[in-house]
Amino acid sequence: MDLPIALGVLMASGQVPYRDGLRVLGTLDLKSAVSWVDPDRPAPPASLGLFIYPAQAPWRAPDGSWAPVSNLAQALEVVRSGRPVQGVSLPEVRRAKFVWPKLLLSPQAITALGLAAAGRHPTFLYGPPGVGKTEFARAVHTLREAVEPNVPFVEPPASLSPIQLVGANGAFWAAGSGVLFLDELGEMPTRTLECLRKPMEALWGREPTLSPMVLGATNPCPCGFLGHAEVKCGCTQSRIARYQERFSAPFLDRFQLAVALRYSEDSIEVPWEELVFKIRHAVEQQRSRGPWHGNAAIPLESLQGADLTRDALETLQNWHKKSGLGLRALHHAIRVARTSADWNHRSRVTSHDAWLAVSFHPSQFRTTSTSDPWGPEHSWSKAMGLRSPGPR
Ligand SMILES: [Zn+2]
């Protein structure tokens, strides 16, 4: 923005004294008033030090180091004195305050929540009973509403027939371009599950179609406690294998993200306002790339436009080669990596984005699988928490 540039030029040319550790945000108009163009931007962390920002911003200073200003003259006064100027008129903050639901998730799950909602990626959730699978699905819907107001959220019962699910008046189509949440997938007849394959695939077909973002949720095993930190799973290996085999490889292949939800000591409250802000920007970038409904729907012939760096492509190709998975797995990973790049305001997809896409790939669901692409020392369940190079 140009207030920081103006102050930088004035300091560098000696017209005002140089001040270290100053942070500035704002846009100048031709009459040197400081204006504010980004009404939804969340407030930055309180510990920034001396911080000059437009008085119109709907934030209130946490302490004496925040300096709201209305024009360039006031900003210069702050630079000279090192203190906020008195008597700046602050407009009343009148925006109705929406109360966000309080939701605790692990940092990994929050990352997945953001990616899923930003790219509309079909997502497979698994974890013990009561861990918050339904809350996660509702959170995705809440975030989608920030970019598509009033989209439906449909949650049919697990007992529904194939016709009730994907027939002409079925739940799938009732969800429109909203969210279809299928809870207790493990209780659904296999025939019903398999019926989902075709309509889900239409999402990334050549013709843009109106189809919902599908979120499926299941327990990891019949008793529900496989992988739980404290409760011991009472299922035999063969029962677990039989349960997980209900989800055929082609069925899992329709999902682009898988999220292991679990009770976690490092859970934090979902930072809603920050997520909404980032999703709006990510969706804008997606729309500038093509007419598809989210990165989840980038058609095969347009995947080249995802703009991968050489490193990112190598990361994905190496993973794909070792995984033994079909080409569709690679294509989905590219779609998700593209969303990760949009999320982080990167024009090109980096190897970090590629890594993130791979770590959330649905093939991780089969915990009993021997074809672990990273080898046994890096099992998928470990990969969820430990192999991240960290946000950049
Ligand atoms: Zn179990």
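How many C-beta neighbours inside 10 Å does Ser 32 have, and is Ser 32 buried or partly exposed? Ser 32 has 15 of these neighbours, so Ser 32 counts as partly exposed. Here is the scale: a residue is buried if 20 or more other C-beta atoms lie within 10 Å of its own, exposed if 12 or fewer, and partly exposed in between, with C-beta atoms placed from the backbone.

## Before we go on

What you're looking at is a predicted model, where local features need pLDDT of at least 70 and side-chain atom pairs count only at pLDDT 80 or more, while totals for chains, interfaces and linings use all residues. Residue numbers start from 1 along each chain, as its sequence is written.

## Two loops with a positive phi

Back to Ser 32: its phi is positive, about 65°, although Ser 32 is not a glycine. You'll find Ser 32 in the loop between strand S2 (27–28) and strand S3 (34–35). Strands (E, at least two residues) and helices (H or I, at least four) are DSSP runs, numbered from the N terminus.

His 345 isn't a glycine either, and its phi is positive too, near 60°. His 345 sits in the loop between H13 and helix H14 (351–359). His 345 counts as exposed because it has 10 C-beta neighbours inside 10 Å.

## H3 meets H4

Helix H3 (residues 107–119) packs against helix H4 (residues 133–147) at an angle of about 45°, and their axes are 9 Å apart. That angle makes H3 oblique to H4. Angles under 35 degrees count as roughly parallel, over 145 as roughly antiparallel, 65 to 115 as roughly perpendicular and the rest as oblique. Axes are lines fitted to C-alpha atoms over the stretch in contact, and angles run from 0 to 180 degrees between N-to-C directions.

Who touches whom? On the H3 side we have Leu 113, Ala 116 and Ala 117, which meet Phe 136, Ala 139, Val 140, Leu 143 and Arg 144 in H4. (Contact: C-beta atoms, placed from the backbone, within 7 Å.)

Helix H11 (residues 272–289) has 18 residues and spans 26 Å from first C-alpha to last, close to the 26 Å expected at 1.5 Å a residue. (The expected span is 1.5 Å times one less than the number of residues.) Several H11 residues are buried, among them Leu 275, Ile 279 and Val 283. The buried residues of H11 pack against H3, H4 and helix H13 (327–343).

Leu 300 is in the loop between H11 and helix H12 (310–323). With 13 other C-beta atoms within 10 Å, Leu 300 is partly exposed. The C-alpha atoms of Leu 300 and Arg 328 are separated by 9.3 Å, although these residues are 28 residues apart along the chain.

Technical notes:
Two residues are in contact if their C-beta atoms, placed from the backbone, lie within 7 Å.
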